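Student: Could you take me through one part of this model closely, namely the place where the two chains meet? I would like one connected account.

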Amino acid sequence: MMPLTSLNFFSPWLATPAALLLGFGFGFWLERGGLGNARKLTGMFYLTDFVVVRVMFSAVVVAAFGLALFQALGILDLKLVYLPPLALGGIIIGGLLMGIGFVTGGY
Amino acid sequence: MEMPRSNLPHPQPLAGWTGNPLQGVPPPRYASPYAAGAALGGVLLLTFLVMGHGLGASGAFARLGVALLGLAAPAATKAHAYFSLYLSPDRSTLNAWIVYEVVGVLVGAFVSGLLARRLRWEAVRSPNAHRRLRLPLALVGGVLVGFAARLAGGCTSGIGLSGGAVLALAGWLFILCFFAGGYLAAAAVRREWQ
């Protein structure tokens, strides 16, 4: 059963190359989609460029369907997948400040 | 016999020639946001399947901050209730999954920009905005985003994207508040971008 980290053969040493490779893919596709450009990123808040919404929601939909599929096929145990805790105050104030900082700084 | 004369303007081979064979060729456009998003979703899914958690970013910067604090004031960092959470007796603060992941992000984005010939030294901003406006605002925004990420327990990647993909309530509430905050503040900094 996945995730691989729950299996015995996955030593902590394998996590480092996995981190580098997965991070490479993350950065590569973010830039490819235009999310390396602060004007494109902030365009969403001026209704001029919706690239953030298009890229991010496509990613969320693909990943969420994939997770559900692998769970249904019995390949993945979703109970072992990390869920961010719902710390209400931190999420609400942090989210608002994140939005304010994002449109101010551009990233 | 006279050669047929072309009506095209005579080429000027040396005017403005920099030696770059791709000079004057427009850089490729960005990929379709849906294609890039789907590929990104694939990487995120793979991360969940391999690691059991999603992709993030802010944790690496928190660790960098704690590591620097640890160099400047080791005793105070060890005694601090929050900073000490990032310390471990058997490994360095920077020897963490998220730090390697963010190094990969930097390399991946650099390679994509290189392949698409988008590499330039610039402070991206509206042509109406001066660097003297853009750079201090970048600092203010960076401080706010860093503080907000520690409050929420992650940034737009760690909580928004990864939390959204596992349909965590925290993720979707964060996305909602993120958009609310951005739209609230957008008018104040419009001149920086538009």
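Tutor: Happy to; here is the interface, followed by a look at one of the partners. A word on conventions: this is a predicted model, in which local features need pLDDT of at least 70, side-chain atom pairs count only at pLDDT 80 or more, and totals for chains, interfaces and linings use all residues. Residues are numbered from 1 along each chain as its sequence is written, chains are lettered from A and ligands numbered from 1 in the order in which they are written, and side-chain values use heavy atoms, with hydrogens and water left out.

Let's start with extent. Chain A brings 76 residues to the contact and chain B brings 87, where contact means heavy atoms within 4.5 Å. About 7000 Å² is buried between chain A and chain B, and carbon and sulfur atoms give 79% of that; buried area here is the accessible area (1.4 Å probe) that two parts lose on being put together, summed over both. Of the area that chain A buries against chain B, F26(A), Y46(A) and M98(A) supply 11%, more than any other three residues.

Now the polar side of the story. Between chain A and chain B there are 21 residue pairs in polar contact, both residues at pLDDT 80 or more. (A polar contact is a pair of N or O atoms within 3.5 Å; within protein, one must be able to donate a hydrogen and the other to accept it, and residues adjacent in sequence count only if both atoms are side-chain atoms.) The count of salt bridges between chain A and chain B is one: the side chains of E31(A) and R118(B) meet at 2.9 Å, N to O. The rule asks for a side-chain nitrogen of Lys or Arg within 4 Å of a carboxyl oxygen of Asp or Glu.

On the side of chain A that touches chain B, the elements giving two or more residues are α1 (12-33), α2 (38-43), α3 (51-72) and α4 (88-105). Helices are DSSP runs (H or I, at least four residues), as strands are (E, at least two), numbered from the N terminus.
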